[in-house]
Amino acid sequence: MLVARKTKNSKKMDFGKLLKSKRDELLGQLKEWREDVRAERVTEDEVGQASWAQMEHLAFANLEQGQKTLGEVEAAIHRMDRGTYGVCESCEEPIPEVRLRALPWARYCVKCAERRRRN
Ligand SMILES: [Zn+2]
């Protein structure tokens, strides 16, 4: 069935587009978090200081995590440009699409990711 096949193909996940929109989203978020950190620094009173310490902690945790994810997303975009996207960096087997849907910037297949986590 030609029509059915065509529909199936058009439903295939466009990971390149997905990764690029995720990168843009992260860049926007990182910019916002940095602005939060700057804005909060202006507060001078003691209550402000206390909440600033909390905010700082949270903002930096967010920034750190966001930067890390951004690095992973950019590495995945780079792999896509080189044509190695979706291939496990450890065992060089293709990463199943179901895993890429859950984690589009996955470097490793589930088996290798788990082995690395244990080691
Ligand atoms: Zn692997």
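Phe60 counts as exposed in this predicted model, because 12 C-beta neighbours lie inside 10 Å and the cut-off for exposure is 12 or fewer. The residue is part of helix H3. Its C-alpha lies 8.6 Å from that of Arg34, and 26 residues separate Phe60 and Arg34 in sequence.

Thr69 also has its place in helix H3. With 16 other C-beta atoms within 10 Å, Thr69 is partly exposed, since that count falls between the limit of 12 or fewer for exposed residues and that of 20 or more for buried ones. Arg23 is 46 residues away from Thr69 in sequence, and the C-alpha to C-alpha distance between Thr69 and Arg23 is 8.8 Å.

Helix H3 covers residues 46-82, and helix H4 covers residues 97-102. Glu92 is found in the loop between these two helices. Although Glu92 is not a glycine, its phi is positive, at about 60 degrees. Glu92 is exposed, as 10 other C-beta atoms lie within 10 Å.

The chain as a whole contains five helices and zero strands, so that the order of elements from the N terminus reads α-α-α-α-α. Of the 119 residues in the chain, 8% are buried. Among contacts between residues at least 6 apart in sequence, 56% join residues at least 24 apart.

Nonpolar side chains tend to be buried together in soluble globular proteins. In the present model, the largest nonpolar core has nine residues, namely Leu19, Val73, Ala76, Tyr85, Ile95, Trp105, Ala106, Tyr108 and Cys109. Domain 1 (14-83) and domain 2 (86-119) each supply at least three residues to this core. Leu19, one of the core residues, is in contact with Val73, Ala76, Ile77, Met80, Pro104 and Trp105 when neighbours within four places in sequence are left aside.

The average pLDDT of the chain is 85, and 80% of the residues score at least 70. Over residues 4-10, pLDDT stays under 50. For this segment the model has zero contacts beyond four places in sequence.

Definitions and conventions: Residues are numbered from 1 along each chain as its sequence is written. A nonpolar core is a set of buried Ala, Val, Leu, Ile, Met, Phe, Trp, Tyr and Cys residues joined through C-beta atoms within 7 Å. Domain bounds come from an automatic or database domain assignment. Two residues are in contact if their C-beta atoms, placed from the backbone, lie within 7 Å. pLDDT is the predictor's confidence in each residue, from 0 to 100. Helices (H or I, at least four residues) and strands (E, at least two) are DSSP runs, numbered from the N terminus.
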